[in-house]
Amino acid sequence: MSTIELTSKIEALREWETIIAEAQAEVDALRDQIKAEMTERNTEEMEVGAYIIRWTSVLTTRFDTTAFKKVHGDLYKEFTKQSASRRFSISD
C-alpha cells in the first residue's frame with residue numbers, strides 16, 4: 001500500500017471515529033433523558049409501548065487488589081503474571 005493510500009485510510013478512519021463519537025454522544029444524551037424521566041417518576045421499571053425499560057441499582061463485590069498488594073505484597077507477586085499485547089495508535 002502506498003503512502004497516499006495509507007494517508008487516505010487514516011483520514012477515513014478519523015472521520016469514522018468522529019462520526020462514532022458524535023453518535024455515542026447522542027446515544028448517551030437519549031439514555032440520560034430516559035433516566036431523568038424514570039427518576040422524575042421515581043421508578044426503576046417502566047412499560048412503554050412494546051418496551052420494558054429498567055434502570056435498577058446493582059450491588060457488586062470487587063477484589064481490592066491495591067489493598068491486597070499493600071498487605072500481602074509477596075503473595076500478590078506470586079499470583080500475578082505478565083501478558084503481552086499490541087497497541088494501535090495514530091499520532092499527528
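The structure is a predicted model, in which local features need pLDDT of at least 70, side-chain atom pairs count only at pLDDT 80 or more, and totals for chains, interfaces and linings use all residues. Residues are numbered from 1 along each chain as its sequence is written, and side-chain values use heavy atoms, with hydrogens and water left out.

The chain holds three helices and two strands, where helices (H or I, at least four residues) and strands (E, at least two) are DSSP runs numbered from the N terminus. Read from the N terminus, the order of these elements is α-β-β-α-α. The C-alpha trace spans about 55 × 50 × 20 Å along its principal axes. The radius of gyration of the chain is 23 Å, whereas a compact globule of 92 residues would have a value near 12 Å; this radius is taken over C-alpha atoms, and the globule rule is 2.2 Å times the number of residues to the power 0.38.

Of the 92 residues in the chain, 2% are buried; buried means under 20% relative accessible area, exposed over 50%, and partly exposed in between (1.4 Å probe, protein chains only). The accessible surface comes to about 9300 Å², with 53% of it belonging to carbon and sulfur atoms; such areas come from the Shrake-Rupley method with a 1.4 Å probe, and for residues only the protein chains shown count as cover. Among contacts (heavy atoms within 4.5 Å) with a separation of 6 or more, 20% join residues 24 or more positions apart.

Strand S1 (residues 45–48) pairs with strand S2 (residues 51–54) in the antiparallel sense over four bridges; two strands pair if DSSP finds at least two bridges between them. Glutamate 45 stands opposite arginine 54 in S2, and methionine 46 has isoleucine 53 as its bridge partner there. Two residues lie between the strands of this hairpin, and glycine 49 takes a positive phi near 60°.

Asparagine 42 is a residue other than glycine, yet its phi is near 55°. Most residues other than glycine have a negative phi. Asparagine 42 is exposed, at a relative accessible area of 72%.

Serine 2 sits in the segment before helix H1 (3–40) and is partly exposed, with a relative accessible area of 33%. Its C-alpha atom is separated by 55 Å from that of glutamate 47, 45 residues apart along the chain. Alanine 29 belongs to helix H1 and also counts as partly exposed, at 32% relative accessibility. Between alanine 29 and tryptophan 55, 26 residues apart in sequence, the C-alpha to C-alpha distance is 15 Å.
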